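Trainee: I have a new structure open and would like to go through some of its residues. Can we take it piece by piece?

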Amino acid sequence: MCFGEAVTDSALITVDGAAGVRLNVIRAGRPGAPLVVLAHGFPELAYTWRHQVPALAAAGYRVLAPDQRGYGGSSCPEAVAAYDIHALTGDLVALLDAADAERAVFVGHDWGATVVWNLAQLRPDRVAGVAGLSVPPVPRPRTTPTAAFRKFGDDFYILRFQEPGVADAELGADPRATIRALMAGAADAPLPDWLTADDLEFYASEFGRTGFTGGLNWYRNMDRNWASTAKVPAPTVAVPALFIGGRADPVLGFTRTDRAREVVTGYYREEWLDAAGHWIPQDHAAEVNRILLEFLDFCARTTDWGGQC
């Protein structure tokens, strides 16, 4: 049996001492309990998981939710290459080391999902299970991502994000309007029920302070990531895997969801949320929590994932 008082706090945790990179991490749950790491996407923060952190901790799990590299209270290195997939997955492994945990179940949304899917192949020894929200597991494309996205036209947002400084200035000119446009549908749109004025203010304040360059640099490494992952330690994802998607998510309009079994060879569960868009940890929190808890229970019963006592 594991002992220790349940905690909810935040801490700056060093993940790359040589580069001086630290992550601001929300921590919750009982020390020694099975560990769950929550990885947000763009343009989000650890705050995105505000509905999941208490629910998972109340169910008996230990939870770490970082502001990922380039976001919020975490370090924002200047070099674009400092945001490649090896640095991003390395940050999450370093959190396990700091927590004295051998393995964790990793849950990612949007870009965070891409990171945790890659982590399951780059460091399978540290992954007990993996869940991707809004981004499914997809096989490696035959050509570079930017070349593949050309079919959508040169003004496709991922291509516009590639040139340093351009999207940074556009998005950063009015962070509040940017967040509102992305999460509510337009800069002058009414706030949806799941996004309060205080929520919007928190996001706007943080991105007003940091800008969007850190997150945009993740996109600027897409071709570099493609080149550096031609060979990975695990050719497929063999640990239990979960995908949750929204049927009204525009991202899934250009992302293949029918090729998951080319990537995942172990247990795989797919769940679709009706009338849900892209921001499902926030706009369909109760359903997401229910599905995640069922998945975590499955991982606890069928793998050697567990607490460190």
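Trainee: Where is T213 found?

Mentor: T213 is in helix 9, which covers residues 213-219. Keep in mind that this is a predicted model.

Trainee: Is T213 buried, partly exposed or exposed?

Mentor: T213 has a relative accessible area of 32%. Buried means under 20% and exposed means over 50%, with partly exposed in between, so T213 is partly exposed.

Trainee: What does T213 touch, not counting residues up to four places away in sequence?

Mentor: T213 touches D168 and R220. E163 is also in contact with D168 and R220, again leaving aside neighbours within four places in sequence.

Trainee: Where is E163 found?

Mentor: E163 sits in the loop between helix 5 (157-160) and helix 6 (166-172). G165 lies in the loop between helix 5 and helix 6 as well.

Trainee: How far is G165 from T213, C-alpha to C-alpha?

Mentor: Their C-alpha atoms are separated by 7.7 Å, and the two residues are 48 residues apart along the chain. G165 and F207 are 42 residues apart in sequence and 15 Å apart in space, C-alpha to C-alpha.

Trainee: And is G165 buried, partly exposed or exposed?

Mentor: G165 counts as partly exposed because its relative accessibility is 39%.

Trainee: You mentioned F207. Which residue does F207 form an aromatic pair with?

Mentor: F207 forms a stacked pair with F212. The ring centres are 4.7 Å apart, and the planes are at 10 degrees to each other. Both F207 and F212 are buried.

Trainee: How many aromatic pairs does a search of the whole structure find?

Mentor: The search finds 24 aromatic pairs. One of the edge-to-face kind is F243 with W272, at 5.6 Å centre to centre and 80 degrees between the planes.

Trainee: Which parts does the pair of F243 and W272 tie together?

Mentor: F243 lies in strand 7 (residues 241-246) and W272 lies in strand 8 (residues 268-273), so the pair ties together parts that are 29 residues apart in sequence.

Trainee: Switching to charges and rings: what sits over the ring of W226?

Mentor: The charged end of R140 does, 4.2 Å from the centre of the W226 ring.

Trainee: What about N225? Where is its place?

Mentor: N225 is in helix 10, residues 222-228. N225 is buried, with a relative accessible area of 9%. Apart from neighbours within four places in sequence, N225 is in contact with D84, I85 and W111.

Trainee: Now the backbone. Which peptide bond is cis?

Mentor: The bond from F42 to P43 is cis, with omega near -15 degrees. P43 is in the loop between strand 3 (35-39) and helix 1 (52-58).

Trainee: Which residue other than glycine has a positive phi?

Mentor: D100 is one of them, with a phi of about 55 degrees. S134 is another, with phi near 75 degrees.

Trainee: Where are D100 and S134?

Mentor: D100 is in the loop between helix 2 (85-98) and strand 5 (104-109). S134 is in the loop between strand 6 (127-133) and helix 4 (145-149).

Trainee: Are D100 and S134 buried or exposed?

Mentor: D100 counts as exposed, at 62% relative accessibility. S134 counts as buried, at 0% relative accessibility.

Trainee: Which residues line the second largest pocket?

Mentor: The lining is made up of V7, D9, I13, R27, A28, G29, P31, R62, V63, L64, A98 and A99.

Trainee: How many of those in the lining are nonpolar, polar and charged?

Mentor: Eight residues of the lining are nonpolar, one is polar and three are charged.

Methods: Residues are numbered from 1 along each chain as its sequence is written. This is a predicted model: local features need pLDDT of at least 70, side-chain atom pairs count only at pLDDT 80 or more; totals for chains, interfaces and linings use all residues. Side-chain values use heavy atoms; hydrogens and water are left out. On a 1 Å grid over the protein atoms alone, a cavity is a set of points where a 1.4 Å probe fits but cannot get out, and a pocket is an open set with protein on both sides within 12 Å along at least five of seven lines; lining residues have an atom within 4 Å of a point. Ala, Val, Leu, Ile, Met, Phe, Trp, Tyr, Cys and Pro count as nonpolar, Asp, Glu, Lys and Arg as charged, and the others, Gly among them, as polar. Rings of Phe, Tyr and Trp (its six-membered ring) pair if their centres lie within 6.5 Å; planes under 30 degrees apart count as stacked, over 60 as edge-to-face and the rest as tilted. Buried means under 20% relative accessible area, exposed over 50%, partly exposed in between (1.4 Å probe, protein chains only). Helices (H or I, at least four residues) and strands (E, at least two) are DSSP runs, numbered from the N terminus. A charge sits over a ring if NZ of Lys or CZ of Arg is within 6 Å of the ring centre and within 35 degrees of the ring normal. Contact means heavy atoms within 4.5 Å.
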